[in-house]
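Student: Could you walk me through how to read a few side-chain features here? I'd like the general idea, then the case at hand.

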Amino acid sequence: MTIPPTMKALLLKHDGYSAESSDASLADMGSFVELGEIGVPAPGASQVLVKVRTAAINPSDVMFVKGLYGQPRHKGQPAGFEGVGEVVAAGEDAAAQKLVGARVAFPTGLSNWGAWAEYAVAEAAACIPLIDGVNDVDGAAMIVNPLTALAMFGIVKEEGEKAFVLTAAASQLCKLIMGVAAEDGYRPIAIVRRDDQIPLLEKAGAAHVLNASAPDFETTLKTVMKQEQPRILLDAVTGPLAGQIFNAMPKRARWIVYGRLDTQTTPIPEPGQLIFMRKRIEGFWLTDWLRNAAPERRVAVVMEAQKRFADGRWSTDVTAIVPLDEAIDRVPGELAKPNGKVFIEP
């Protein structure tokens, strides 16, 4: 196919990091990105050029465009950490050349050329050739949430306890985790903030769903913790709620932080539990996990995720697929809607 010299993209308006604290909501997209035209990038030796079909919007994308993620912004370059598309050109490396013509799920974190564009550059080694049963929407959301879900559930399995806790449990990521867990007889304890989310998560596989906004939450939490004895807290929220949950958990509990939806100070109600109860606080970042996991483990996780989408055990809850030209005006309102994901389509 003929590759044009220029393309449309949502371009970052700022460099580096922001000194202002914020959460993962996006009330005004136009403060951080602008629709513009830029030259189509040329892939490096180990890279591929992807004609984007669909790109995902994750909380990490929102934190990135705000300058609050773990890597700096580059003004004038496209945003967007993952998407799906067709490889239309490649660098000189043999591994990259083999992908030409393939439909792939791709991450952009290593290339600094985001997926919110008509074309994107990605490292060939990080691309996932998709099997036929995976649709474009599931492919566009294949990496950040599904691989995180399987990797973190692996931590739960290694711990050996059937019960574990999830905050922000109505998220797409947590619903994926709960689906896998329920199949294997695990007992997810889902923490939410609205009663209308309770039946959705019970259907998704939660053994308990607790509303943190309910007046009896503290009492119910203590009862469930005593009954289930969970050792793992998978936390995307932080703040006072996470500290409260961790304090109620039993000895040897592990608080694993992978997001920060609450920008309030995160207290440890009783620091002595880190000493005398041998509790631990740690972080999880998929980039590090992919870098450090054994190659056979990475391959197994990628194939497992694809099979789950292909056979219907997993599916992506879609709030909206927004055209690139309409993204700045529409995306904030679509992201404010609960329980589904928003995508951008060039």
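Predicted model: local features only at pLDDT ≥ 70, side-chain atom pairs only at ≥ 80, totals over all residues.

Student: Which ring face does lysine 279 lie over?

Tutor: That of phenylalanine 246, at 4.9 Å from the ring centre. Likewise, the charged end of lysine 162 sits over the ring of tyrosine 186, 4.1 Å from its centre.

Student: And ring against ring: how many aromatic pairs are there?

Tutor: The count comes to seven. For tyrosine 69 and tryptophan 285, the ring centres are 6.3 Å apart and the planes at 80°, so the pair is edge-to-face. Tyrosine 69 is in the loop between helix 1 and strand 4, tryptophan 285 in the loop between strand 13 and helix 10, so the pair ties together parts that are 216 residues apart in sequence. Phenylalanine 246 also pairs with tryptophan 255, and that pair is tilted, with 45° between the planes.

Student: Now helices. Why do residues three or four places apart point the same way?

Tutor: Because an α-helix has 3.6 residues a turn. In helix 7, the buried residues are Phe217, Leu221, Val224, Met225 and Glu228. Seen down the axis of helix 7, they fall within an arc of 100°, so they line one face.

Student: What is on the other side of helix 7?

Tutor: Thr219, Lys226 and Gln227, which are exposed. The buried residues of helix 7 pack against strands 8, 9 and 10 and helix 8.

Notes: Residues numbered from 1 in each chain as written. Heavy atoms only, no water. Buried < 20%, exposed > 50% of the residue type's maximum accessible area, 1.4 Å probe, protein only. Helix = DSSP H or I, 4+ residues; strand = E, 2+ residues; numbered from the N terminus. Arc of directions from axis to C-beta. Contact = heavy atoms within 4.5 Å. Phe/Tyr/Trp six-rings, centres within 6.5 Å; stacked < 30°, edge-to-face > 60°. Lys NZ or Arg CZ within 6 Å of the ring centre and 35° of its normal.
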